[in-house]
Amino acid sequence: VLENTSSLFVAHLIGRLLSLVLTLLLMPRYFSQEELGSYFLAMFITNLIASVTELGMQAPLIREMTLHLQQARHFVGNALMIRILLSIVAFGLMVGSGHLLGYSPFTLQLIQILGLAEIFSSIAQLFRCVFRAFERMKYEAFTVVAERLAVVLVGGWLIIRGADLVNFCVIVLIA
């Protein structure tokens with residue numbers, strides 16, 4: 001328990017620190033206040049609505065897979081179908097809310113890109129449940145750190161090289 005907990009704690013701590021460096025030190029130097037405002041608004045909208053894709057499935061899924069390891073593939077398959085349907089609904093809500101609230105075309109573009117990134121992340125989180133059910137948190141920890149490193153290193157490099165905020169958001173999507 002200590003090994004699994006500590007590996008996840010360290011991974012999420014590293015991920016948060018890397019994000020902090022990116023958003024507090026690098027992005028404000030290269031993007032205007034208006035661009036950053038649009039970015040943070042898009043992040044807020046997509047993070048808020050992406051929670052619809054989870055709907056409390058994670059804990060019961062992990063519990064059921066832990067109790068019935070041989071049926072893990074079946075549980076993940078069913079959860080994946082539900083999550084894909086909820087993701088379509090969530091993405092529609094993200095884009096629809098942006099249009100309904102009258103956001104600028106730039107903000108709407110960021111919402112679309114970051115919305116897709118949130119949807120892919122929620123599906124990836126579903127597969128991370130398998131690592132937890134089989135008590136292999138070090139693999140989940142690796143994926144968390146790898147994702148953040150990709151965003152910070154590649155995204156940061158692109159920002160320094162003069163890429164715009166849309167290109168940075170595409171890197172977030174890819175990671």
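A residue is called buried when its relative accessible area is under 20%, exposed when that area is over 50%, and partly exposed in between, as found with a 1.4 Å probe and the protein chains only. The model shown here is predicted, so local features need a pLDDT of at least 70 and side-chain atom pairs count only at pLDDT 80 or more, while totals for chains, interfaces and linings use all residues. Residues are numbered from 1 along each chain as its sequence is written, and side-chain values use heavy atoms, with hydrogens and water left out.

With a relative accessible area of 55%, phenylalanine 9 is exposed.

The next feature is the salt bridge, defined as a side-chain nitrogen of Lys or Arg within 4 Å of a carboxyl oxygen of Asp or Glu. Side chains of opposite charge can pair when their charged atoms come close. Five salt bridges are found in a search of the whole structure. In one of them, glutamate 54 pairs with arginine 83, their closest N and O atoms being 4.0 Å apart. This pair links distant parts of the chain, since glutamate 54 sits in the loop between H2 and H3 and arginine 83 in helix H4 (residues 72-100), 29 residues apart. Glutamate 54 counts as partly exposed at 25% relative accessibility, whereas arginine 83 is buried at 1%. Another salt bridge joins the side chains of arginine 132 and glutamate 140, at 2.7 Å from N to O; here arginine 132 is partly exposed at 26%, and glutamate 140 is buried with a relative accessible area of 1%. Arg128, Glu147 and Arg148 are linked in a network of salt bridges, in which the closest N and O atoms of arginine 148 and glutamate 147 are 3.6 Å apart.

Two loops hold residues with a backbone angle worth noting. Most residues other than glycine have a negative phi. Leucine 55, however, has a positive phi of about 45° although it is not a glycine, and its place is in the loop between H2 and helix H3 (58-67). Leucine 55 is exposed, with a relative accessible area of 59%. Glutamate 135, in the loop between H5 and H6, likewise has a positive phi, near 55°.

Conventions
Helices (H or I, at least four residues) and strands (E, at least two) are DSSP runs, numbered from the N terminus.
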